[in-house]
Amino acid sequence: MCEPLLSVNRSPKDEEQEGRVSLHDLKPQLADMREEVLAGLAAQPRRIAPKYFYDKRGSELFDAITRLPEYYPTRTEVGILESRLDAIAGMLGRGNVLLEYGSGSSRKIRLLLESLRPLAYLPVDISREHLLGAAEALAVDYTWLEIHAICADYADGLELPWRPPPRAGVDVPITAFFPGSSIGNFERPAAARFLAGVRRTLGRNGQLLVGVDRRKETAALEAAYNDSEGVTAAFNRNVLVHLNRALAGDIDVDAFAHRAHYDEREGRIEMHLVAQRAVSFTLGGESFDVEAGESIHTENSYKYAPEEFRELAAGVGFDSVAEWSDPQAQLSVFLLRAQ
Ligand SMILES: C[S@@+](CC[C@H](N)C(=O)[O-])C[C@H]1O[C@@H](n2cnc3c(N)ncnc32)[C@H](O)[C@@H]1O
């Protein structure tokens, strides 16, 4: 989560050597976090929003998940981007502003940067330290790239804190990138609202390249979220470590076990933290009593059939103008354009 504002003042020398990085910290409010988390924990069933996974440690653990043999989404999406790069880059076009939602370590964007030669890159992420580290690493490797790192909650409807001046009186088109199947973390109606917000943020001539995990057989899905090394379990439990620190809590993290299963009817993976015994704790000044066996629902990851996703996008005014998939049809990358 973004903590109080820390601005980055790079000297002209740094900028010259390492490209240009500006941090725009929109400071998702700590007060909102407390209210949202406490309301979720008091609800039945209890829940914590997945965005709270991502403190610095959570971002590192997510990176470790992407390297696991069971976790097919990252290597599948990277494979699609690599193998279809010419076609994708040809359709996206060069010289746009490149905005990435949930940029994390900004690894996948590296596959596109040389081909797209964007005017500027705007990574958006809630995990501020990780965002800044990734932006600075990118600036070292792409010295020609202007980077505006935006620490924000993208679910709130993003107001861009920086836009390039119009060229010849015309706004520079914005190309957005939303990889990692993170759209699946929204309930289906919320995914539609999110896409509608993206369309507003992008404005005229905006386009969105988005990675979407597809419905598939239960065994492959459940293996991906229950890895044998226990990294996903550590990632799931780390949300409690983050909340203890951010909201002065005393949750016994070890009292909760990781559970993930696929609900085929809903077409979603659910992640839970299940109390192994009765647990009492305080958080943000409130007290909670969780019974043995009770669960806290920490994440949904909705899966889509391609036609289902195209319909969702069309419902908020996006045409799906291209779709690329892998040979096993595990994941699709869609290019959406405003109708
Ligand atoms: C599943 S990871 C994907 C990372 C990377 N894009 C990839 O494809 O490997 C989700 C990323 O989105 C960020 N994130 C999650 N919820 C967010 C929110 N509501 N607003 C902004 N960033 C968010 C996390 O910090 C994390 O870096």
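**Note on the sheets, helices and ligand shell of a predicted model**

1. Tyrosine 262 has isoleucine 269 in strand 9 as its bridge partner. Eight bridges tie strand 8 (residues 256–263) to strand 9 (residues 268–275), and the two run antiparallel; strands count as paired if DSSP finds at least two bridges between them.

2. Some remarks on the basis of the model belong here. This is a predicted model, in which local features need pLDDT of at least 70 and side-chain atom pairs count only at pLDDT 80 or more, while totals for chains, interfaces and linings use all residues. Residues are numbered from 1 along each chain as its sequence is written.

3. Glutamine 44 and proline 45 are joined by a cis peptide bond with omega of about -10°, and proline 45 lies in the loop between helix 2 (30–42) and strand 2. Serine 181, which is not a glycine, has a positive phi of about 55°, and this serine 181 sits in the loop between strand 6 and helix 8. As background, most peptide bonds are trans, and most residues other than glycine have a negative phi.

4. A further hairpin is formed by strand 10 and strand 11 with two residues between them, and glycine 284 in the turn has a positive phi of about 55°. Strand 10 (residues 279–283) and strand 11 (residues 286–290) pair in the antiparallel sense over five bridges, with phenylalanine 281 standing opposite phenylalanine 288 in strand 11.

5. Residues are in contact if their C-beta atoms, placed from the backbone, lie within 7 Å. Helix 10 (residues 231–246) also packs with helix 3 (residues 56–66) at an angle of about 170°, their axes being 9 Å apart. That makes helix 3 roughly antiparallel to helix 10, a label used for angles over 145 degrees. The residues that meet include Leu61, Phe62 and Ile65 in helix 3 and Phe235, Val241 and His242 in helix 10.

6. The eight-stranded sheet is open as well, with the order 1-5-4-3-6-7-14-13 and mixed pairing. Its edges are strand 1 (20–25) and strand 13 (318–325), each with a single partner strand, so one side of each is left without a neighbour in the sheet. From one strand to the next the twist averages 20°. Helix 7 (residues 128–141) packs on this sheet, touching strand 1, strand 4 (120–125) and strand 5 (146–151), and its direction makes about 175° with that of strand 5. Strand 7 (residues 207–213) and strand 14 (residues 331–338) run antiparallel and are joined by seven bridges, with arginine 337 in strand 14 as the bridge partner of glutamine 207. Helix 8 (residues 188–202) lies across strand 6 (174–178), strand 7, strand 13 and strand 14, at about 150° to strand 6.

7. The ligand is surrounded by 20 residues, of which Tyr54, Gly102, Gly104, Ile126 and Gly180 are the closest; a residue is near the ligand if its C-beta atom, placed from the backbone, lies within 6 Å of it. Helix 3 and strand 4 are the elements that give two or more residues to this shell, and helix 3 gives the most, with three residues.

8. The chain is divided into domain 1 (12–25 + 71–216 + 304–338) and domain 2 (218–302), with bounds from an automatic or database domain assignment. The domain centres, taken over C-alpha atoms, are 29 Å apart, and 11 residues of domain 1 are in contact with nine residues of domain 2.

Definitions and conventions:
Helices (H or I, at least four residues) and strands (E, at least two) are DSSP runs, numbered from the N terminus. Axes are lines fitted to C-alpha atoms, for helices over the stretch in contact, and angles run from 0 to 180 degrees between N-to-C directions. Two residues are in contact if their C-beta atoms, placed from the backbone, lie within 7 Å. Angles under 35 degrees count as roughly parallel, over 145 as roughly antiparallel, 65 to 115 as roughly perpendicular and the rest as oblique.
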